[in-house]
Amino acid sequence: MSEFDITGRILLPYLRDLGIDPSEITFEDSFSIRLGRNKHATGRSDMLIKRHGRNLFVIEVKADSKQLTDADRDQGISYARLLDEIAPFTIVSNGISTKIYDSITKEELSGNISEKSAYCRNGYLLSSDEDLKIRYEALKNFIAMSSENLRLFCEMQVNDRMGMIIGDSDSRYAKFIKKLYIQRKDLAETFKVFTNSTDSVFGLVGVAGAGKTNTMCALALQKLGDSFVFFYNCAIITSPVECIAQDLNIAFSNRTEKDIALKKLDELGRYAGKNVLIFIDAVDESTNPNIAQELSEIALIAKDADKIKVIVSCKSNVWSTVLKIKNKPTQLYKEVNSFHNYNGSLENPGYHLTEFTDEELTAILPLYQREFGFKGDISNELLPELRNGFFLKIFCEVYTGKQIPQKI
């Protein structure tokens with residue numbers, strides 16, 4: 001029998017005989033699980049059963065041709081643990097064999113199961129440490145179950161952290177509009193080499209309006225399909241590492257424990273078999289006076305990690321103060337230099353994102369003309385001034401009378 005047949009012909013009658021009302025049964029398209037900080041996704045387990053308004057157990061259904069495995073158990077328990085209110089029990093069934101597990105301890109249960117669950121006896125309460133521990137383990141299982149689960153988690157994190165950076169042409173504060181982005185060919189090739197290398201830090205540097213934020217957003221979104229992606233905008237956060245910990249539901253009490261978050265992130269990458277790409281945008285806009293020190297610490301941990309790669313963007317006139325503390329190179333400098341080597345135009349290592357080439361400008365102008373509805377030819381004298389995104393923005397505003405997003 002198929003999973004659908006087992007659900008309809010065996011499990012639903014069984015639940016009815018137990019006294020479960022149909023209103024207490026929800027299916028995978030009608031309940032949500034929590035992924036990290038304030039993120040929710042549609043539940044993937046087959047059924048969620050409630051009793052008196054509280055989550056009771058999830059049911060994971062397999063076809064009768066499949067033997068029940070520990071992986072099936074872990075899958076069902078992961079969904080039970082990721083619910084806002086943990087379901088204390090998990091049932092896995094193939095119609096022939098049915099097993100009941102304690103969602104907290106993973107122990108298989110029989111007899112009077114409610115009496116055997118310490119979680120139930122304690123009024124459905126866990127200590128904060130225990131709650132964080134089991135939710136982290138559940139998240140680890142969740143992202144490793146399928147590429148779709150991994151993509152879902154990363155997509156939610158990236159969209160949440162990008163916030164108002166990403167939008168359309170009517171979004172006043174959007175810095176990145178997908179349909180107006182032109183991929184920079186040389187940068188794309190260099191970034192591909194980086195992701196395939198053993199190096200750990202990529203430095204993207206340029207003047208205001210060169211397109212750093214556009215590039216960071218575009219690269220992050222492009223890598224969602226094959227990597228574990230995190231995105232942070234330093235203009236609106238204080239500490240990237242604290243935000244990573246929040247997104248993974250990892251708590252720490254002092255600065256010396258911040259490396260736990262990154263090590264857990266590396267563990268997740270190894271578990272999923274994917275690179276972990278951490279995009280840290282607009283470092284020059286950070287209000288954290290210790291941002292250079294924190295980035296140096298991140299670079300040191302990334303150097304020794306198996307899966308973590310960090311991509312940092314910064315204005316060229318601030319870059320030196322990010323790479324050095326009291327004029328001494330930090331670990332960030334060393335890791336950036338490992339991949340990029342010294343760049344004479346920056347007087348430091350890094351990838352120098354310059355103004356648009358003739359080819360790029362020729363490709364991007366029709367996009368802006370179509371999007372903002374301005375017509376006519378642009379003189380050869382004016383074209384060189386539009387190589388910088390800031391001046392292209394001003395041009396669009398003047399000729400269309402419409403305010404264009406702050407950066408393009």
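Predicted model: local features only at pLDDT ≥ 70, side-chain atom pairs only at ≥ 80, totals over all residues.
Helices (H or I, at least four residues) and strands (E, at least two) are DSSP runs, numbered from the N terminus.

**The mixed sheet**

- Six strands make up an open sheet with mixed pairing, in the order β1-β4-β5-β6-β7-β8; two strands pair if DSSP finds at least two bridges between them.
- The edges belong to β1 (25–27) and β8 (108–109), each of which has a single partner strand, so one side of each is left without a neighbour in the sheet.
- β1 pairs with strand β4 (residues 47–51) in the antiparallel sense over three bridges, and threonine 26 has leucine 48 in β4 as its bridge partner.
- β4 and β5 also run antiparallel, joined by five bridges, and isoleucine 49 finds its bridge partner in phenylalanine 57 of β5.
- Two residues lie between the strands in the hairpin of β4 and β5, where histidine 52 takes a positive phi near 55°.
- Strand β5 (residues 54–61) pairs with strand β6 (residues 89–93) in the parallel sense, over five bridges.
- Across that pairing, isoleucine 59 stands opposite isoleucine 91 in β6.

**Around isoleucine 100**

- Once neighbours within four places in sequence are set aside, isoleucine 100 is in contact with Thr90, Ile91, Glu107, Glu108, Leu109 and Ile113; contact means heavy atoms within 4.5 Å.
- Phenylalanine 89 is 11 residues from isoleucine 100 in sequence, and the two are 6.9 Å apart in space, C-alpha to C-alpha.

**Helix α2 and its partners**

- Helix α2 (residues 70–82) lies across β5, β6 and β7 (98–102), and runs at about 150° to β5; axes are lines fitted to C-alpha atoms, for helices over the stretch in contact, and angles run from 0 to 180 degrees between N-to-C directions.
- α2 also packs against helix α5 (residues 128–145), at an angle of about 125° and with the axes 8 Å apart.
- α2 and α5 are therefore oblique to each other; angles under 35 degrees count as roughly parallel, over 145 as roughly antiparallel, 65 to 115 as roughly perpendicular and the rest as oblique.
- The crossing of α2 and α5 is left-handed, meaning that the near helix is turned anticlockwise from the far one by less than a right angle (clockwise would be right-handed).
- Among the residues making this contact are Tyr79 and Leu82 of α2, and Ile134, Leu139 and Phe142 of α5.
- The residues of the contact of α2 with α5 divide into seven nonpolar, three polar and four charged; Ala, Val, Leu, Ile, Met, Phe, Trp, Tyr, Cys and Pro count as nonpolar, Asp, Glu, Lys and Arg as charged, and the others, Gly among them, as polar.

**The parallel sheet**

- Five strands form an open sheet with parallel pairing, in the order β10-β11-β12-β9-β17.
- At its edges stand β10 (228–233) and β17 (351–352), each with a single partner strand, so one side of each is left without a neighbour in the sheet.
- β9 runs parallel to strand β12 (residues 308–315), with six bridges joining the two, and glycine 203 stands opposite valine 312 in β12.
- Helix α9 (residues 240–247) lies across β10 and β11 (276–281), at about 130° to β10.

**Helices α11 and α13**

- Helix α11 (residues 291–304) and helix α13 (residues 331–340) have axes that come within 7 Å and cross at roughly 50°.
- That makes α11 oblique to α13, and α11 passes α13 in a left-handed crossing.
- On the α11 side, Leu295, Ser296, Ala299, Leu300 and Lys303 meet Gln331, Leu332 and Glu335 in α13.
- This contact of α11 with α13 divides into four nonpolar, two polar and two charged residues.

Technical notes: Residues numbered from 1 in each chain as written. Heavy atoms only, no water.
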